[in-house]
Structure formats: C-alpha cells, structure tokens
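Work through the exercises below with the structure at hand. Try each task before reading its solution.

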Amino acid sequence: MSDLEQLTQSLARNLKRWRGERGFTLDALAARSGVSRGMIIQIEQARTNPSVGTTVKLADALGVSITTLLDYEQGPQVQLVPREQAVRMWSTPGGSSTTLLVGTEARGPLELWAWTLTPGEESASDPHPDGTVELLHVTSGELTLIVEGQPYTVPAGTSATYEANVPHVYRNAGTETVEMTMAVSIPPAR
C-alpha cells in the first residue's frame, strides 16, 4: 500500500471513529466544519484524499489535533507518562499541589477504580466497546500492562493511557503489591 493510500485509509477510519465518539451526524459535522456532507462521505469511504485545509477544518470541528485525525497507527495505542513528565498545575509554599498525570480525548460515562494486585496475581479483560479508553496511575509496585499481547512495564509513579477495545491484562510479576487507580471512559450508547 502506498503512503497516499495508507493516509487515505487512516483518515477514513479516524474520521468515522471521532465523528462517532462525538455523536455527530454527517449533517452536524458538515455544519460545524463547513465541509460538505458529500465530501465527508467520500472521505469516510476512502474515495478521496482531501486538501490540508479540509482536513484541518474537520479536525477543528471534532476538537482533535490534525495528528490525531491522520494517525496511521492501527490497534491499541499505549502512552506511558513517567513521573517526571507529569505536569504540576498548582502548588503552595505549604506543600499543597495538583498534578495532571495523564489525559485523553473522550466523552461518555466515566468510571474511577482503585486496584490492588498482589505478587503473582493478574486480571484479564475482554475487549471493551470501540472508543473505550482507560487511564491508570500506579502508586506502588510495578504493573505489567499487556495490551493485545504487547507487555508494558508501568512502575510506581508512572501513568498510562490506552484504547481498551482489545484484550488486555493487568499483571503483577514482581514481589511487591501493586496499588493503582484507574479511570475508564466509555463511549456514549448510540
């Protein structure tokens, strides 16, 4: 597949995905973006390669970056955020503070979980509905996060986000108990 064909396929897949996650009809996206309904249909069916200007209008209307809209990657995307890359948002001389650990672009129901995994234990999860995103933060121990068969080491102080519409496993392969907090963002029912 040529680069242009891959780009066209990627844009088609991502435009459909983000339009669905935002709950926009074709007409609603056309109105928000100024791009005709017919052009959006052609893009979603990978029958055309739109101009950069058209792609920017669609990304802006969806509230995502052009990079997100043109992303070639297929399958789960896992992003690890080490402690030193978390963003301190506010602090006081008295020691109070807030830190943004990890974020994602999603809407719909949101769940917050507290997890404890003792050494040698694991919990496997079936794929969640398309558009489901999980964010987690390990506070102690070292988690082995396995997403679609690929292991990721998530030590204490590290956060992660990933698309959870594929099989995934939370494993404690270490000798210390893993404590973590996890948020699950589920797309709205259609």
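**Exercise 1.** Determine how strands E7 and E8 run relative to each other, and how many bridges join them.

*Solution.* This is a predicted model. Start with the ranges: E7 covers residues 142–147 and E8 covers residues 150–155. The two strands run antiparallel, joined by six bridges. Finally, look at the turn. Two residues sit between the strands of this hairpin. Glu 148 has a positive phi there, near 50°.

**Exercise 2.** Give the strand order of the open sheet of five strands, then find its edges.

*Solution.* The order is E1-E9-E6-E11-E4, and the pairing is antiparallel. The edges are E1 (78–81) and E4 (110–117), since each pairs on one side only. Neighbouring strands of this sheet are turned by 15° against each other on average, with direction ignored.

**Exercise 3.** Describe the pairing of E4 with E11.

*Solution.* E11 spans residues 178–185. Eight bridges link E11 to E4, in the antiparallel sense.

**Exercise 4.** Summarise the protein chain as a whole: elements, burial, contacts and surface.

*Solution.* Count elements: five helices and eleven strands. Then burial: 37% of the 190 residues are buried. Then contacts: among those between residues at least 6 apart in sequence, 71% join residues at least 24 apart. Last, surface: the chain exposes about 10,300 Å², and carbon and sulfur atoms supply 51% of that area.

Note on methods:
Residues numbered from 1 in each chain as written. Predicted model: local features only at pLDDT ≥ 70, side-chain atom pairs only at ≥ 80, totals over all residues. Heavy atoms only, no water. Helix = DSSP H or I, 4+ residues; strand = E, 2+ residues; numbered from the N terminus. Buried < 20%, exposed > 50% of the residue type's maximum accessible area, 1.4 Å probe, protein only. Contact = heavy atoms within 4.5 Å. Areas by Shrake-Rupley, 256 points an atom, 1.4 Å probe, with all protein chains shown as cover. Pairing = 2+ DSSP bridges. Axes fitted to C-alpha atoms, helices over the stretch in contact; angles between N-to-C directions.
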